[in-house]
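Let's take a walk through this one together, starting with a pair of helices and ending inside the protein.

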Amino acid sequence: MAAQVEAGAENLGVENGKIGMWTFLVMDAMTFAGFLAGYARLRWSPGSGWPMPYETFGVIGIQLTAFNTFVLICSSVSMVHVLAETMKGNLKRAENWMLATIFGGLFFLGVQGYEWTHLIMDKWPHMLSAGAAPPAYNSNFASTFLNLTGFHGAHVAVGVMYNVIMYLGLRRGKIDQDNASLIEIAGLYWHFVDLIWILVFTFVYLI
Amino acid sequence: MSQSDAMGFLSPLTEKAENSWFWYIKEWVCSTDAKRIGLMYIIFGILMGVIGGVLSILIRIELFSAGADIMSETFYATLPGMHATLMIFFFVIPIFTGVGNFVVPIQIGAPDMAFPRLNLAGFWILPAAAAMALSAYLVPKGAPGFGWTGYPPLSVQASLGADLWIAAIILVGTSSTMAAVNFLSTVFNMRCKNMTLFQMPLFTWSLVVTSFLILASTPVLTSAMMMLELQRTFPAAFHFFDPQGGGDPILYQHLFWFYSHPAVYIMILPGFGLISEVIPTFSRKPIFGYAVMAWSMIAIAVLGFVVWAHHMFTTGIALRVRMAFMLLTMLIAVPTGIKIFSWLATMWGGSLSFKTPMLFAVGFIAMFTIGGLSGVVLASVPVDIQLHDTYYVVAHIHYVLVAGSVMTIWAGIYYWWPKMTGRFYHEGLGKFHFWVTTIFINVTFFIQHYLGMQGMPRRYFDYDPQFEWANAISSLGSFALFSVQFVALGNLVWSLYAGRQAEANAWEDGETLEWDISSPPPHHNFPEPPVWEPVDRSHDEEEGHELQPQPSPAE
């Protein structure tokens, strides 16, 4: 393993890794910005024929996703606990909170998978078989929905893997009080994914 | 001094590598040393530049005379796009990343980049991406023929080669964002004592600004490419750019140019920074208006984000919007002009020494100004409607990218070559290279302004015979321009065997930290963390740099 590169005499007062993660998140946010800008352009152009989300998903669909959003936010809260307990040195507790965080991410992905299956099989059969009639509304409603939630879902999946690696690091004693910043950096990513979801949820489901 | 000391970071690290070429090369391939990665970037970039040059020569051979000459029109259609892809994504951007990798950590007094392994991974993505882009020629129906812009609907209908091209573009974007994350973390967190932000050399500044540009613009291109690929792969399900499915082809152009306009600044700002190192050294005078030089780069970067629609004046966007973009585009000439005049003011009253890097720097200032001015011409809406997609645009882009980026790349390679290898190139051959390059850039590209004004469209396989003489001149110029580059490459290779040994301060007047350490630098740059001696960057009369000796009015 290459030696960790230390900060120089003139620095921003944080580890290199934290700046690296922040700059990466700027880049990632711009990727979502590209997708969201595309969404906005397609939806709010004159005569786009965009459906009301309430009518397409149904009230139950939106409520299910709202609950899913709640679970994801809770997993962000538990991530905060992981960091707090690691900094205090309660590694056993930190491990358990991390398990809760991982579970939150997996639950989110599960519900999203269920929702995708339902939507593609029942609402948008034209996606699978060329013969099926496309919906009466602008079919980019479906395209951008899958695009945005899918790209976000991939981020959640990566985040779950990231958290599993951190969990193993905690278990094997490679992460403790002294390098809790590793957890903090993982947390930055996890909270970012959460924040992006709130934007996606608002754009795609609510307004 | 032992042999390995004289070879600095080029010397093998292990005994195994000392005795066998295989292990020595393996050591380079797996090296996390920013200097070695930087050199690998430069070698890779030059290689891709040669392949991209061959493609452009094929274009010029075909256009030498009117009518079909040596190739089919479908093959010709692939050439402009693949030439541009290779030159932009695999030549100019990687070479600047490479020079930055070598120079930036040393200039700020750091032992290495902040994330050495990320650095290595970012580099090795590039050859894979290049192999993907080039392998498009090997699949059925060949490389995509839609130019480097990849506009739908053509890019949606194109064959398998387009998928390879899209994947390569996404990979290149990933690689350059990895480098940008690394540069920003390095510069913000690893500066040596007293190297505050406004003490940093301007080349380092230019890499910081460029990295922000990459960070904020490249992902938007990635998102556009992903949408394009989704639409190509699942035509029944995705209709982002398909009007029949409720999509909008202009959306792609917005997303594409939101990246690709800042991309031209990604390709020129490091050159600006580099020139700001070369000119003070060979003028033996500190840079004029240091802070303004840094701020004008920031201004160019900020403005660069709000001008993208000037590439789309003929797509039917509202006149009011076009006017706004025209105004903002012309505004960019202001910070650029500040830079040009600051370079001139740096030379003014200096003790000039016209070594090859300085010649390239001065040639760059003169010819880039032509490219900048034709940019202002193209920015005005009514003129652009006339000149859109003509050879005038080709002339403009080549004046800013060949007379701009390529000239600065050569200035940088000649300038830091003694530092990188410890050997001087042959000065006479360097000057010969400069003069032939400069003359034939103008022979090749200046006439294309005329062709464009007369209405010759770009990317066309055949043209009206009245354009024949001008095209022949342009083609002849391009052959000479391309062949003389091999003189320079030969010169560089020659220097490794027979070049004069370089001192630590190879040009005697280098002021930045890389000139304090031996040439080539040792493995970890500095034996112990350096301390920067702050430079007064002001031009006060009492302290700081004198501007001009003023005759006293009393006498």
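Start in chain B, where helix 16 and helix 17 are roughly antiparallel to each other, because angles over 145 degrees count that way. This is a predicted model, by the way. The two helices, residues 391-421 and residues 427-454 of chain B, pack at an angle of about 165°, and their axes are 7 Å apart. As for handedness, helix 16 of chain B and helix 17 of chain B make a left-handed crossing. Sort the residues of that contact by class and you get 16 nonpolar, 10 polar and no charged ones.

Now hop over to chain A. A:Trp22 sits in helix 1 (residues 16-43) of chain A. Along the chain, A:Trp22 and A:Leu188 are 166 residues apart, yet 7.8 Å separates their C-alpha atoms.

Searching the whole structure turns up 3 cavities of 30 Å³ or more. The largest cavity holds about 100 Å³ of space. Its lining has 13 residues, with B:Ile93, B:Thr97, B:Leu207, B:Thr210 and B:Ile214 lying nearest the centre. Helix 5, helix 8, helix 9 and helix 10 of chain B each give two or more residues to that lining, which by class comes to 9 nonpolar, 4 polar and no charged residues.

The second largest cavity has a volume of about 60 Å³. Its lining includes B:Ile93 and B:Thr97, along with B:Tyr41, B:Phe89 and B:Ser175. Helix 5 and helix 8 of chain B each supply at least two of its lining residues, and the class count is 7 nonpolar, 3 polar and no charged.

Technical notes. Residues are numbered from 1 along each chain as its sequence is written. Chains are lettered from A and ligands numbered from 1 in the order in which they are written. This is a predicted model: local features need pLDDT of at least 70, side-chain atom pairs count only at pLDDT 80 or more; totals for chains, interfaces and linings use all residues. Side-chain values use heavy atoms; hydrogens and water are left out. Axes are lines fitted to C-alpha atoms, for helices over the stretch in contact, and angles run from 0 to 180 degrees between N-to-C directions. Helices (H or I, at least four residues) and strands (E, at least two) are DSSP runs, numbered from the N terminus. Angles under 35 degrees count as roughly parallel, over 145 as roughly antiparallel, 65 to 115 as roughly perpendicular and the rest as oblique. A crossing is left-handed if the near helix is turned anticlockwise from the far one by less than a right angle, and right-handed if clockwise. Ala, Val, Leu, Ile, Met, Phe, Trp, Tyr, Cys and Pro count as nonpolar, Asp, Glu, Lys and Arg as charged, and the others, Gly among them, as polar. On a 1 Å grid over the protein atoms alone, a cavity is a set of points where a 1.4 Å probe fits but cannot get out, and a pocket is an open set with protein on both sides within 12 Å along at least five of seven lines; lining residues have an atom within 4 Å of a point. Grid points are joined across faces, edges and corners, and a volume is the space filled by probe spheres set on the points.
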